[in-house]
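Dear colleague,

Here is the structure I promised to pass on to you. Please keep it open while you read the notes that follow.

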Amino acid sequence: MADGGSYRLRRYGLYQLSASIGQLSHIPGASFYQSNKTNPLNGGEHRHFAPLVAGTVNNPFLRELIRFDFAQLTSKQHIEDNWLVGVHQIRIIATLGVSGNPTPEGIHRDDETYTAQHLIDRHNVGGGVNYFYGSGAEPARRPDAVWKQESYFDSYYFDRSLWHSVSPITSGNREGDGHRDVLLIDFVESSGVN
Ligand SMILES: [Fe+2]
């Protein structure tokens, strides 16, 4: 992390989705880019994360989940057929006395058109509360929704207009390190991308 922390582990994969026929093609070796504006902390460069392992790339549940999430986020009126789908496996770690920060950039919006966020695991951590601040030109002064994901596959869906943040996680006892794992699946129209 550009803030000197090493509390975040992640893997990343990119797919092309042909919406009309539901076909997913994995794009090997893709890097991940965010602008400086979107991510002042770590943006402005192509970031190469560890790839999804082969068993994940071809996992039938993941592929069905991508199609399911896409269906929740779009309507039949959507004429775009080609989409780029980013899959992020993110683990934030907290050790005793050292918190881990899921959104070190603070209250922010994502670049991607649509995003689905699924909680995979919380182990031995406090915090990790989601805050949502509306879709105005600026974030609302107070969050208009607050939610802590507790259970496997607690999920939320949003688009690029939504301001959001997640509070740091802490490991408050002596059972050792804690972690919060999420699966992010994001979707961007790729018209013009062949
Ligand atoms: Fe975000």
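A donor, in the sense used here, is an N, O or S atom within 2.8 Å of the metal, and since water is not among the atoms, a site may look incomplete. Please also bear in mind that this is a predicted model.

With that term in hand, the iron ion can be described: its protein donors are H108 (NE2), D110 (OD) and H164 (NE2), which lie 2.1 to 2.2 Å from it, and along the chain they follow the spacing H-x1-D-x53-H. Distant parts of the chain are linked in this way, as H108 sits in the loop between β6 (82-94) and β7 (114-123), whereas H164 belongs to strand β12, 56 residues apart. Because buried means under 20% relative accessible area, H108 counts as buried at 7%, and H164, at 4%, is buried as well.

Strand β12 also takes part in an open sheet of 3 strands, in the order β10-β9-β12, with antiparallel pairing. Since β10 (145-148) and β12 (164-166) stand at the edges and have a single partner strand each, one side of each is left without a neighbour in the sheet. On average, neighbouring strands of this sheet are turned by 15° against each other, direction ignored. Between β9 (residues 129-132) and β12 there are 3 bridges, and N130 has V166 in β12 as its bridge partner.

Elsewhere, β1 (residues 8-18) and β2 (residues 23-27) pair in the antiparallel sense over 5 bridges, with Q16 opposite S25 in β2. These two strands form a hairpin with 4 residues between them, and G22 in the turn has a positive phi of about 70°.

Best wishes

Definitions and conventions. Residues numbered from 1 in each chain as written. Predicted model: local features only at pLDDT ≥ 70, side-chain atom pairs only at ≥ 80, totals over all residues. Heavy atoms only, no water. Pairing = 2+ DSSP bridges. Axes fitted to C-alpha atoms, helices over the stretch in contact; angles between N-to-C directions. Donors = N, O, S within 2.8 Å, 3.2 Å for Na, K, Ca; no water. Buried < 20%, exposed > 50% of the residue type's maximum accessible area, 1.4 Å probe, protein only.
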